[in-house]
Amino acid sequence: MMTYDQQYDVIVVGAGHAGCEAALASARMGCLTLLLTLNLDAIALMSCNPSIGGLAKGHLVKEIDALGGEMARNIDATGIQFRILNTRKGPAVRASRAQADKQLYRLRMKRVLEQQDNLHLKQGEVTALYLEGDVLRGVDTRSGIRFVGRTVILTTGTFMRGLIHIGLTNYPGGRAGDLPSVGLSDQLKSMGLDVGRLKTGTPARLDSRTIDFSRLEPQHGDTPPVPFSFHSTGIPLRQVPCHIAYTNPRTHDIIRSGLDRSPLYAGVIEGIGPRYCPSIEDKVVRFPDKDRHQTFIEPEGLDTVEVYPSGMSTSLPIDIQIAFYRSMAGLENVEIMRPAYAIEYDYVDPIQLHATLETKQIPNLYHAGQINGTSGYEEAAGQGLMAGINAALRVKGRPSFVLGRNEAYIGVMIDDLVTLGTREPYRMFTSRAEYRLLLREDNADLRLAEKGHLLGLVSEADYMTFQRKREMIAAEYERLCSTHLEMNASQAELLSRHGCADIQKGITLEQLLRRPEISYTDLAAIDDVSRETVSNVSEQVEIQIKYRGYIERQLEQVERSHKLENTKLPDELDYYSITGLTTEVREKLAKAKPDTLGQASRIPGVTPAAISVLAIAIKAKRWKSHEA
């Protein structure tokens, strides 16, 4: 084994969405970083759907952007349809989503990585961690090169012992066309980590030239398209529509006829699949009374005929795939360019991680992305960013960086993973966040840009732009609070039109805007300054005023939980020696090894009474240590 002559601060294994964010974060923070990947031409490849964002996932992308990550900028530069979902609902659950030009997305991210200072890109398969005794020193590759590094981040995606299924045929692969990674998960298991098996899948890719789009329902994006990044000034690419198609009873009969050759129903697949993104055969079996299922036919790019039928993932044999697609209106002559398949892969139960994403068993080893049991590009990217930040902070000897559940969806996701673990692919939902009115898409920069700047990830220019926005929001809020209604003719007419004729002269514009009938647009019709206020400022002011009571209530809840969240649990704490805990609680705490009382309180079966006992035990332990 040859040892490479360069020692790295951070080695990132895998260049999917987690690996890209991890490598960029550590390099931008001044750490010499190596990004190792099986295929340099597959960096940031969208293995499944050609889109970024969606419900709760859009929140993650905005937070990545606010902290100084790259995903939002990348989709803004390569997106071909942008939509804001849930526009008729409250601001907490509105979410951005964009279709990507799949190849342009990959190529731009590769270019960003190649041009990043402190970052080296190399192609190679990592087969083992390199340790000296119990100390992690780097990684070994199949080509016989050992790379030495102070920290290692594993972002292996679906590649660890990946196995592809099409009908009853299966073969090793990390995804269609790529070899799997073999050996690494066996080593992790031998080192005491709990390695499990999960399953995911992807639909077929169809030839758009063989689809009759006149029989499908078009779905256009927003006009004008709204960027993801707080720093993007526009969307450069031509925008295109998606189309909606439907299955029918004949489709379902064809699918049922192939179930005996489905690896999912024949017991061939061992891994657990995603609960919230079932295969089409799973939908047909689980919802027998449903006459049809919807699919969005999504373009994969501006310069390709391939399209992606979302919601149609399957592992059925190819003959059944062809038949059921051709049973759908508008797809009678469709040609499959790439068959659908399911894939099984190894993951490591994330309950074995600290909130920094460092493994508890192996210091300086971090995990991010699907290795932690998550699904989705956005979930992976958020973890990759946090792992890259914390690996860099470890190298620099600085305190670690952890986001609380009240600070970011990224914090909710990581806390869920490290506190509860997972036995099925984890997906982010707004319902997972108890403080979701505080964690909106629109205020991600107000929550996180300051932190990103202190970490060294948000540039001075971007930070100055953010500061100007924040100051304008504060000034406009104060102006509305101090500006009184004159009740001239135009103002009286507006109030009458909105059923607010009872309003008296002299109330402030802030009091007026609190009323549900009045929007900031209405203020702009009667107030010259409001008319000139930029939209990203007026949006924030309106939300803060209209939802002030609810926001203050959630802030009070955060304050009440603050003590629990910040009370550290000593690593050496012996739960079996603490009297007053049940055997069940002791076992769960010993297995999870929570970092804080807050984490301990969210472990199923750990009661409030047990938390009280634990708090007393910690206090006594500190008192004894101080006395000694």
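Predicted model: local features only at pLDDT ≥ 70, side-chain atom pairs only at ≥ 80, totals over all residues.

Tutor: **The second largest pocket**

On a 1 Å grid over the protein atoms alone, a pocket is an open set of points with protein on both sides within 12 Å along at least five of seven lines, and lining residues have an atom within 4 Å of a point.

Residues are numbered from 1 along each chain as its sequence is written, and side-chain values use heavy atoms, with hydrogens and water left out.

Back to the pocket: 42 residues line it, and the closest to its centre are Asp 442, Lys 469, Ser 535, Asn 536 and Glu 539. Two or more lining residues come from each of α2 (57–67), α11 (444–455), α12 (460–482), α15 (520–526) and α17 (535–546). (Helices are DSSP runs of H or I, at least four residues, and strands are runs of E, at least two, numbered from the N terminus.) The largest share, seven residues, is from α17. By type, the lining divides into 16 nonpolar, 14 polar and 12 charged residues. Here Ala, Val, Leu, Ile, Met, Phe, Trp, Tyr, Cys and Pro count as nonpolar, Asp, Glu, Lys and Arg as charged, and the others, Gly among them, as polar.

Now follow α2 from the lining to an open sheet of three strands, in the order β3-β5-β4 with antiparallel pairing. Two strands pair if DSSP finds at least two bridges between them. On average, neighbouring strands are turned by 15° against each other, direction ignored. Three bridges join β3 to β5 (residues 95–100), and Ser 51 has Gln 99 as its bridge partner in β5.

Helix α2 packs on this sheet, touching β3 and β5, and its direction makes about 80° with that of β3. Contact means heavy atoms within 4.5 Å; axes are lines fitted to C-alpha atoms, for helices over the stretch in contact, and angles run from 0 to 180 degrees between N-to-C directions. Helix α3 (residues 71–78) packs there too, touching β3, β4 and β5, with its direction at about 120° to that of β4.

Terms used: 1 Å grid on protein atoms, 1.4 Å probe; cavity = no way out; pocket = protein on both sides within 12 Å on 5 of 7 lines; lining within 4 Å.
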